[in-house]
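Thanks for coming. I have one structure to go through today, so please look at it first.

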Amino acid sequence: MSDPHAVQDSLVLLMVAAAAADGAISDMELREVEDLVSFLPVFRGFDRSRLPDVAERCATLFSTEDGIEAIIEDVKSKVPVRLYETGYALAVEVISADVRATQAELRLLEMLRDAFDMDRLTSGAIEHSARVRFRRLD
């Protein structure tokens, strides 16, 4: 059985990576990470005071040549396969918080789909759900 704290940290790491994929973390993305950590059952018992440590770890990994690959490998090594779709959904939610996805963010999602061996129907449904959730009136 996976260590629940390690799983939670890896999922948060993935969300922070999704937020930072375009080179900057917006206030909307940061708020989305905090909201998701606050109410989703997968984060029950997560100590929110660890958020800065996970963000720092993400920054350290991102600064390496193969940073995003290292983050994806971290997630794959700690998150059970049954939570891969959850991880992908979390990344999509954070990226969708800005309403428009950049090429770097779309590339991250492509890498996640490949790493998690996700079929297009599942990933498409997750992406569609996020698009609908973040629609604006204007």
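Predicted model: local features only at pLDDT ≥ 70, side-chain atom pairs only at ≥ 80, totals over all residues.

Residues are numbered from 1 along each chain as its sequence is written, and side-chain values use heavy atoms, with hydrogens and water left out.

The protein chain has seven helices and zero strands; helices are DSSP runs of H or I with at least four residues, strands are runs of E with at least two, and both are numbered from the N terminus. The radius of gyration is 14 Å, close to the 14 Å that the globule rule gives for 138 residues, so the chain is as compact as a globular protein of that length. That radius is taken over C-alpha atoms, and the rule is 2.2 Å times the number of residues to the power 0.38. Of the 138 residues, 44% count as buried, where buried means under 20% relative accessible area, exposed over 50%, and partly exposed in between, with a 1.4 Å probe and protein chains only.

Now helix 2, residues 27–39. Which of its residues are buried? They are E29, E32, V33, L36 and V37. The face turned away from the buried side carries the exposed residues D27 and F39.

Next, the salt bridges, meaning a side-chain nitrogen of Lys or Arg within 4 Å of a carboxyl oxygen of Asp or Glu. The whole structure has five. One of them joins R50 and D9, at 2.6 Å from N to O. R50 sits in the loop between helix 2 and helix 3 and D9 in helix 1, 41 residues apart. R50 is buried at 19% relative accessible area, while D9 is partly exposed at 21%.

Another pairs R57 with D74 at 2.5 Å, N to O. R57 is in helix 3 and D74 in helix 4, 17 residues apart. R57 is partly exposed at 33%, and D74 is buried at 7%. Salt bridges that share partners join R57, D74 and K78 into one network.

Definitions and conventions:
Expected span 1.5 Å × (residues − 1).
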